[in-house]
Amino acid sequence: MAEEFNAVWNEKRGTKDKDVRKLPKAMAKLMIQANKVKHVLSANSDIPVFVDALADDVNYQTHISRAKFEEICHDLLVRASEPIEKALKMANVTLEELDAVEMIGGAMRVPKVQEAVSHALGEKELGMHLNSDESMALGAAFHGANVSTSFKVRHVGMADVNSFPVAVDLTDLSVGKEEKKGGGGLFGIGKKKQGEAKKKKKGDDDAWAKHATIFKLGSKLGVKKTIAFSYDKDVHVEVNYEEGETLPIGTGLSIEQYDVSGIAEFAQEMKEKELGTPKVSLQFELDTSGLTSLVKAEAVVEETVIVEEEVEIEDEEGDNATNVAADEKTEEDAKAEETKDDAEKKEGEEEGEGDEAKGEEKKEGEEEKKEEKKEEKKKKTKMVQKEKKKRHVRVLKVNTYNVGHIRPYTPEIMAESQAKLERLAQADKERMMLEEAKNKYESYIYFIRNKLVDDEEEIVKVTSEEQREALRKLAEDGEEWMFDEGFSADLKTYEENSRPVPKAVEALLAKLGKIEELMKKWETTMEHITEEERGEVLEKVAEVRKWVEEKVDEQEKSDVTADPVFTSEEVPGQTKRIESIVARLMKKPKPKPVEKNETEKNETEPSESSETDSSEEGSEEKKGEDEDTKEEAAEGDKAEGDEL
């Protein structure tokens, strides 16, 4: 639409020398206006277009209808149905399997987009029940909360999938460094096609290479996959995007490259032990952000070893002897039972019930005897040989690097970006301070002008016409400088030209009051400073106070239109002499404590010396505490002196 506006603009002016597309500011105005027109035409059939001072202070004015808008954007509107077909194909779903369709996004308000989507969906009704903009933001917020580990929210039931298939190419490390360097490159330049790689493999049997698609199109994010192969040399690994319809044109295919070393050394060690070729396992992860990386690399060799183990078995010889004796005893028991049964049959029916009970007891006794015989079977231990698998595992060394201009965010780039952000933040701060200084400078100029007019009666009493005219001239010169040289002046220049006038007398009197309080405090905290030295400082303070009073009286008695008796620049210098004296006194060292004669201590009696020692220790401790207190007070006074 902006292009159409530009064509109308050139047609009306009858020239193409000043094309709007060559003017960034004018083109930005057209783009903003085109976006507004798109919104209005979603609900209206036509709209007038007006852009004030588009270029060379010439206004732009035209009229556009919805039909013209749809004609201009026809190729873009047709593309609205293509993502639907791609999504259905990727999900392996037909239109008949869909239950409902809901429109979200800002473009849903455009009637032509609704028509194109409705045509692509056939008889499906378009649902427009949600706020299109809020639903997008809310869904993104919930999905972000589900992915993040910092929030605990209810799962919204969305599973993100991989939009681009990812493949792995494996070659020998020496080949990878010589021939595969730059694999993929920028925009896929330098990457060999799969067909050429296969031809090379057929022509050269010695060239070891493998290719595998580890994450297919539409696979879920947040998964890991492992590829395993047997090889005895170090390998070069390339992780690349596979060329397909979903990959945008011009996208670099190379994602990341790895040099996996340690396989050859491990294979040599296993060969010396007369073991097989190592089995290499490479584990890749497709994280929740859709980034693929190698997370684990190891080599494994399995060794079959024979070990002896002690097992427990039954003693067969003892079992045979026991079985023979048991058989003989069983035959004798059977004959005795037959004789006993014949005798029992001759007895009367009254003894029948007792015989049955005796028979049951006999059977139970026989069963108990059999169980005891089984328990009495002897057991013995025997050493047997068994085969077991022993795993030799070696974690491999992985060197990661990238090729081309598209690279991950390294710590060096992070530090460079942070420094750049700090520079930009400082530039923004200085710009804001400069704008504030310009505003203050301009405000003060207007303040002077308004003051001369609003308070003219009061100002006339204390100034002459020449002074007021000079002040007006200064204000005009300041304004002229601001719009001329000051337009490109820096912050320091503005600060120098607009220095505020300090309240010198008030500041001086406040400083003198602090000095007097300090001298009074020194009477207890710094006893090594004599009264004469403190008196010298107080005399100087009194002299300065007297000077201030005299100057103020002279100023009040002088003509209001005359030059001032003293200026603010003269005031701060009055305390320089006092400050130097105070600094000298603070550097004055404290007197050393008096030491007692050791000979006098030795001449004293033992009992007296012990009492004296204890008393001296107490006094010394007290003295030390007093000195510490004085030192702390002196440090506080020094800090106050530094402030002066």
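Predicted model: local features only at pLDDT ≥ 70, side-chain atom pairs only at ≥ 80, totals over all residues.
## A surface methionine and a buried aspartate

Where does methionine 158 lie? You can find methionine 158 in the loop between helix 7 (132-147) and strand 5. Together with Leu138, Phe142 and Val156, Met158 forms a nonpolar patch on the surface, and the accessible area of this patch is about 360 Å².

Now follow the chain to strand 5, which covers residues 166-172 and includes aspartate 172. Is aspartate 172 buried or exposed? Aspartate 172 is buried, yet has no salt bridge. The nearest side chain of opposite charge belongs to lysine 233, 4.7 Å away, whereas a salt bridge calls for a distance within 4 Å.

| Side chain | Partner side chain | Distance |
|---|---|---|
| Aspartate 172 | Serine 174 | 2.7 Å |
| Aspartate 172 | Tyrosine 231 | 2.8 Å |

Leaving aside neighbours within four places in sequence, aspartate 172 is in contact with Trp208, Tyr231, Lys233, Asp234, Val235 and His236.

Finally, step back to the whole chain. Its secondary structure comes to 21 helices and 13 strands, and 25% of its 644 residues count as buried. Among contacts between residues at least 6 apart in sequence, 73% join residues at least 24 apart. The accessible surface of the chain comes to about 46700 Å², and carbon and sulfur atoms account for 50% of that surface.

Definitions and conventions. Residues numbered from 1 in each chain as written. Heavy atoms only, no water. Helix = DSSP H or I, 4+ residues; strand = E, 2+ residues; numbered from the N terminus. Buried < 20%, exposed > 50% of the residue type's maximum accessible area, 1.4 Å probe, protein only. Lys, Arg positive; Asp, Glu negative; His and termini not counted. Polar contact = N/O pair within 3.5 Å; in protein donor to acceptor, adjacent residues only side chain to side chain. Contact = heavy atoms within 4.5 Å. Patch = residues over 30% accessible without salt bridge, like charges linked within 9 Å, V, L, I, M, F, W, Y side chains within 5 Å. Areas by Shrake-Rupley, 256 points an atom, 1.4 Å probe, with all protein chains shown as cover.
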